[in-house]
Amino acid sequence: MIYICFCLNRTSLCSHCQSSYPTSPPKMAHIPSNLSGECMGQSCENTAAALQCPTCLKMGIDSYFCSQDCFKKNWTEHKTLHKTSNVRSPDTTRFYNPFPSYSFTGPVRPVYPLSSKRTVPISIARPDYAETGIPKRERLLNRAKITTLDVKGQEAMRKVCRLAREVLDVVASELKPGITTDYLDSVCHKACIERDSYPSPLNYNHFPKSICTSPNEVVCHGIPDHRVLLDGDIINLDVTLYHGGYHSDLNATYYVGERARADPDSVRVVETARECLDKAIQLVKPGTLIREFGDVIEKHAKSRNCSVVATWGGHGINTEFHPPPWIPHYGKNKAVGVCKPGMTFTIEPIITLGKPLEVHWPDRWTNVTVDGKRTAQFEHTLLVTETGVEVLTAANEDSPGRAIPMPTSSNAIGYANSISVA
């Protein structure tokens, strides 16, 4: 079970919930679980749901109710338990915030402990960093030399990219309010193994998981944990596979629940990021300068009153995860290089509603906006052909996460009203 403050999705109790203790029962979050037991409500014969009294949780008392209404009905008698029980030390096996003193910029919180490192069958070929966490070959690359693939290499890239698209679609199809990002990691890992592929993020520079999950204000490299996705979240899923000696990389941002699809700001940042990638891809052909992509991306982002996070960019991809070239997504950059047939690389703009500045959580991976505003990102692996570009990770007709139109003004008002009374 996961114990989370309902109003801000924190792993510890917030001031809002604490201030409600003396006069009324605080609202409890419904978290899916395998809990089986009796409700503590007087004369209630229902099975307890995964709803725990926040005050009891703070005191280390196990108490569960079948519903918020039952908890409210029994509040007067139940709260006497808080006065008569001895406080015991918190159970460290429960979920917790590993950085309680860190000043988070937005509402997302880490929910630890992380699940154990997932294993990969020995029969599956793996990159050089799989055991040590150090991509030695990649670090020795000449950053001024851009690889072009022969026909055999291009076919290998087509295959691994097709597999990566399949995996992303499998994971995205599981998205709904109430699941955890750790669950999404398990789905991704299993899907990779089923395709005789190694999940490239796993142990790359010691990254602990098989997918990056970045909700709301998380810019990129979010570590899957036990945080529950809420109706109204947006989340980026970043999938990379290693198969047949080659990597494939793609990501997309998805709406979690109908409230996210009705939120004008969430739709604006998600669809702007999607369109920025599409516009950049239209430029890819032999002779296009690498630095030109950033100009069209930033221009479109600004037209939607959004900003480009300049720290992160696209990259080459082939037998290594992040070989040259480096591909900036901001305008007036001085990137070196020109598109040539046989080159494979990613374009993956990150767009934010606020300031284009970010900071890292203490885990040294999770990158978040400095002002807590939401971000969105989309990514494809591309092959430069003799006449243009082949989008190797293109979505299929039945792929989840298609574009949606901006909400109408009436829908936006309805969303605002639902927030005010929630």
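Four bridges join strand 11, residues 344-347, to strand 16, and the two strands run antiparallel. I start there, with one caveat: this is a predicted model.

Staying with that pair, Ile-347 stands opposite His-380 in strand 16. On to the next strand. Strand 16 is joined by three bridges to strand 17, residues 389-391, and these two also run antiparallel. Leu-382 has Val-391 of strand 17 as its bridge partner, and Val-384 stands opposite Val-389 in strand 17. Strands 16 and 17 form a hairpin, with four residues between them.

Put together, what is the order of the three strands in this open sheet? The order is 11-16-17, with antiparallel pairing. Strand 11 and strand 17 are the edge strands, each pairing on one side only. On average, neighbouring strands of the sheet are turned by 35° against each other, direction ignored. Helix 7 packs on this sheet and touches strand 11, strand 16 and strand 17. The direction of helix 7 makes about 160° with that of strand 16.

Now strand 16 by itself. Is it enclosed or open, going by its residues 380-384? Five of the five residues are buried, that is, under 20% relative accessible area, so strand 16 is largely enclosed by the rest of the structure. His-380, Leu-382 and Val-384 point one way from the strand, while Thr-381 and Leu-383 point the other way, and all are buried.

Next, helix 7, the element packed on that sheet. Helix 7 has 22 residues and reaches 32 Å from its first C-alpha to its last, close to the 32 Å expected at 1.5 Å a residue. At its start, a side-chain oxygen of Asp-150 reaches to within 3.2 Å of the backbone nitrogen of Lys-152.

Just after helix 8, Asp-196 takes a positive phi of about 55°.

How do the two helices meet? Helix 7 and helix 8 pack at an angle of about 150°, and their axes are 9 Å apart. The crossing is right-handed. From helix 7, the contact is made by Val-167, Val-170 and Val-171; from helix 8, by Leu-184, Val-187, Cys-188, Ala-191 and Cys-192.

Two loop residues come next. Asn-203 lies in the loop between strand 3 and strand 4. At 10% relative accessibility, Asn-203 counts as buried. A polar atom of its side chain lies 3.0 Å from the backbone oxygen of Ala-130. Leaving aside residues up to four places away in sequence, Asn-203 touches Lys-117, Tyr-129, Ala-130, Glu-131, Thr-132, Gly-133 and Tyr-198.

The other one is His-226, found in the loop between strand 5 (218-220) and strand 6. Its relative accessibility is 15%, so His-226 counts as buried. Which backbone oxygen lies 3.1 Å from a polar atom of the His-226 side chain? That of Pro-113.

Last, another open sheet of three strands, in the order 8-12-15, with antiparallel pairing. Its edge strands are strand 8 (307-308) and strand 15 (375-377), each pairing on one side only. Strand 12, residues 350-352, pairs with strand 15 in the antiparallel sense over three bridges. Within that pairing, Ile-350 stands opposite Gln-377 in strand 15.

Key. Residues numbered from 1 in each chain as written. Predicted model: local features only at pLDDT ≥ 70, side-chain atom pairs only at ≥ 80, totals over all residues. Heavy atoms only, no water. Buried < 20%, exposed > 50% of the residue type's maximum accessible area, 1.4 Å probe, protein only. Pairing = 2+ DSSP bridges. Axes fitted to C-alpha atoms, helices over the stretch in contact; angles between N-to-C directions. Contact = heavy atoms within 4.5 Å. Polar contact = N/O pair within 3.5 Å; in protein donor to acceptor, adjacent residues only side chain to side chain. Left-handed = near helix turned anticlockwise from the far one by under 90°. Expected span 1.5 Å × (residues − 1).
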